[in-house]
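Please read through the following structure, starting with the overall fold and ending at a pocket.

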Amino acid sequence: MANLYVKKMEGHSGRRLAFRLAYGCDLLEALQGIVEEADVLFGSINFLGAVQKARVGYYLQDEKRFITLDLDEPMEILSGLGNVSLKDGKPFVHAHVTFLDRTGTIRGGHLLPGTIIFAGEVFIEELELPAPPERVDDPVTGLSLWE
């Protein structure tokens with residue numbers, strides 16, 4: 001049987017937090033600010049709402065680099081999912097987002113700075129571990145992954 005995972009982490013449920021995002025804020029910066037202020041070291045994030053414009057990334061696996069997609073139009077956030085872990089000893093948000101534009105076209109990717117909120121709501125569920133995982137550079141993928 002193939003190896004299905006590298007490492008299993010077990011902890012217990014911590015706080016469950018909810019926030020309303022301010023009109024005009026940068027979505028990724030707001031998420032990052034929330035986890036830093038609340039001192040969330042490890043957990044999951046989900047969010048929804050609408051944006052005035054968006055910036056997402058797509059990872060080119062063969063080149064081991066991101067390309068940036070600028071979506072300069074109002075859109076609904078159908079689903080925003082992410083997690084919090086440590087990077088360089090500090091809380092770090094990693095999130096992906098799916099949008100719907102006015103034509104019904106779905107777009108999305110890795111959330112980048114430059115996604116501006118029209119309205120938004122965020123839920124964070126903390127998972128408490130004895131030692132939260134730290135992100136480190138992975139030479140196989142070129143990504144920053146849990147150690």
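The paragraphs below go from the chain as a whole to the annotated region and then to the largest pocket.

This is a predicted model. The chain contains one helix and nine strands.

The C-alpha trace spans about 45 × 40 × 30 Å along its principal axes. A compact globule of 147 residues would have a radius of gyration near 15 Å, and the chain has 16 Å, so the two agree. Of the 147 residues, 37% count as buried. Contacts between residues at least 6 apart in sequence were also counted, and 68% of them join residues at least 24 apart.

UniProt, in an unreviewed entry, lists residues 11-147 as "domain: PPC". Over residues 11-147 the chain is 62% strand and 9% helix.

The largest pocket holds about 520 Å³ of space. Its lining is made up of 23 residues, and those closest to the pocket centre are Phe66, His94, His96, His110 and Leu143. Which strand gives the most to this lining? That strand is β5, with five residues. At least two lining residues each come from β2 (43-60), β4 (75-87), β5 (90-100), β6 (106-111), β8 (134-137) and β9 (144-146). Sorted by class, the lining of the largest pocket has twelve nonpolar, eight polar and three charged residues.

Conventions
Residues numbered from 1 in each chain as written. Predicted model: local features only at pLDDT ≥ 70, side-chain atom pairs only at ≥ 80, totals over all residues. Heavy atoms only, no water. 1 Å grid on protein atoms, 1.4 Å probe; cavity = no way out; pocket = protein on both sides within 12 Å on 5 of 7 lines; lining within 4 Å. Points joined across faces, edges and corners; volume = space filled by probe spheres on them. Helix = DSSP H or I, 4+ residues; strand = E, 2+ residues; numbered from the N terminus. Nonpolar A, V, L, I, M, F, W, Y, C, P; charged D, E, K, R; others polar. UniProt positions renumbered as here; feature names shortened; annotations may be inferred. Rg over C-alpha atoms; globule rule 2.2 N^0.38 Å. Buried < 20%, exposed > 50% of the residue type's maximum accessible area, 1.4 Å probe, protein only. Contact = heavy atoms within 4.5 Å.
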